[in-house]
Amino acid sequence: MARKNKKSLHNTRCPICCILPPHLLQSVAINGESHHRNWAFQTLNLSAQIRGRRDAVGNLFFAPSPGVKRRTIYNAKNTQNLPGILVRGEGDPPTTDIAANEAYDATGATYDFFYEVFERNSIDDKGLRLDSTVHFGVEYDNAFWNGDQMVYGDGDGELFQRFTKCVDIIAHELTHGITQYEAGLDYNGESGALNESFADVFGILVKQRLENETALETDWMMGEGLLAPNVKGTGIRSLKAPGTAYDDPVLGKDPQPAHMRDKYMGDDDNGGVHINSGIPNHAFYLAATEIGGYAWEKAGKIWYISLRDRLRNKADFKTAADTTIKVAGELYGVDSSEKTAVENAWLKVGVI
Ligand SMILES: [Zn+2]
């Protein structure tokens, strides 16, 4: 399949892509105890500051080493200075810092996933060095890709645990990097929800492959283990049942829809990028479970080819549906059960 010409990177860079949406932090700011509220405000304010700063960061970390995984882990030592102090490079033995080791291992699992399954050499497919900073800020309740590197907070410990705990969250953030280099999906409205959804899809696929789980065995829950034990919820987003990941007095209720009739139409969260992603997320789940087997092998390949070669920055849900159906037909045949499964999936969520 011919790959379309890439737009210039300058135009396709996504803004700061945080794992936690603003509505969740706003709920904490409204409903939490005073120290919870402080954490939430700090995280919201810091995220806004970083958004303002990110254009100055620049692309400093290109390293032409095809097919070779290169990871560097930095420690911000609870400051907001990026990247911080180098604590572990590629091939170095584990450190005594569990967050640094988790970031190193999960980044490696994500690199291996894309290289071994899709022959993709890092985020840019040219061996980009994968830089991560741990211990960003003080009790910072988020993780994000800033256009150049991954950044992880420690969490406040009462609502959220450290953000390096979950391989799917780390893979989610790195997928934002891939999307930036490929489809470049604009980070608002339906294209933004697709950007979030592709990050969840490949995030969860990295985890499923690590755990050797088929589409029918796995639980399809993003961020399992991220919520502190006393929070009422199992994770931050469910691809199987959007809207059911958490329902907590402080965090509020998971607002994700699973169908177009419940699509969020407001302006918050860049037009609901973390909310309406429930619709394409659920479509992927439906397609993958109807196809069966390991979800990354067929459904994942259909979604990956669509992201890499077909979708561009203004794509909406309908475009994603048409594209994935067409790609499924090209890969497996126009009368294939795989193509039918993808069609059925988008029908069931009301997009076609
Ligand atoms: Zn995201």
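Rings of Phe, Tyr and Trp (its six-membered ring) are taken to pair if their centres lie within 6.5 Å; planes under 30 degrees apart count as stacked, over 60 as edge-to-face and the rest as tilted. The structure is a predicted model, in which local features need pLDDT of at least 70 and side-chain atom pairs count only at pLDDT 80 or more, while totals for chains, interfaces and linings use all residues. Residues are numbered from 1 along each chain as its sequence is written, and side-chain values use heavy atoms, with hydrogens and water left out.

A search of the whole structure gave 19 aromatic pairs. One of them, Phe198 with Phe202, is stacked, at 6.4 Å centre to centre and 10° between the planes. Both residues belong to helix α6 (residues 189-210), where they are four residues apart, about one turn of the helix; helices (H or I, at least four residues) and strands (E, at least two) are DSSP runs, numbered from the N terminus. Phe198 and Phe202 are both buried, a term that stands for under 20% relative accessible area, with exposed over 50% and partly exposed in between (1.4 Å probe, protein chains only). Trp220 and Tyr285 form an edge-to-face pair, with 5.4 Å between centres and 85° between planes. This pair links distant parts of the chain, 65 residues apart: Trp220 is in the loop between α6 and β7 (221-222), and Tyr285 is in helix α8 (residues 278-291). Trp220 counts as buried because its relative accessibility is 0%. Tyr285 is also buried, with a relative accessible area of 14%.

Tyr104 takes part in two contacts with arginine. The charged end of Arg71 sits over the Tyr104 ring, 3.7 Å from its centre, and that of Arg88 sits over the ring of Tyr104 at 3.5 Å from the centre. The criterion is NZ of Lys or CZ of Arg within 6 Å of the ring centre and within 35 degrees of the ring normal.

His172 and His176 lie in helix α5 (residues 167-181), four residues apart, about one turn of the helix, and both are buried.
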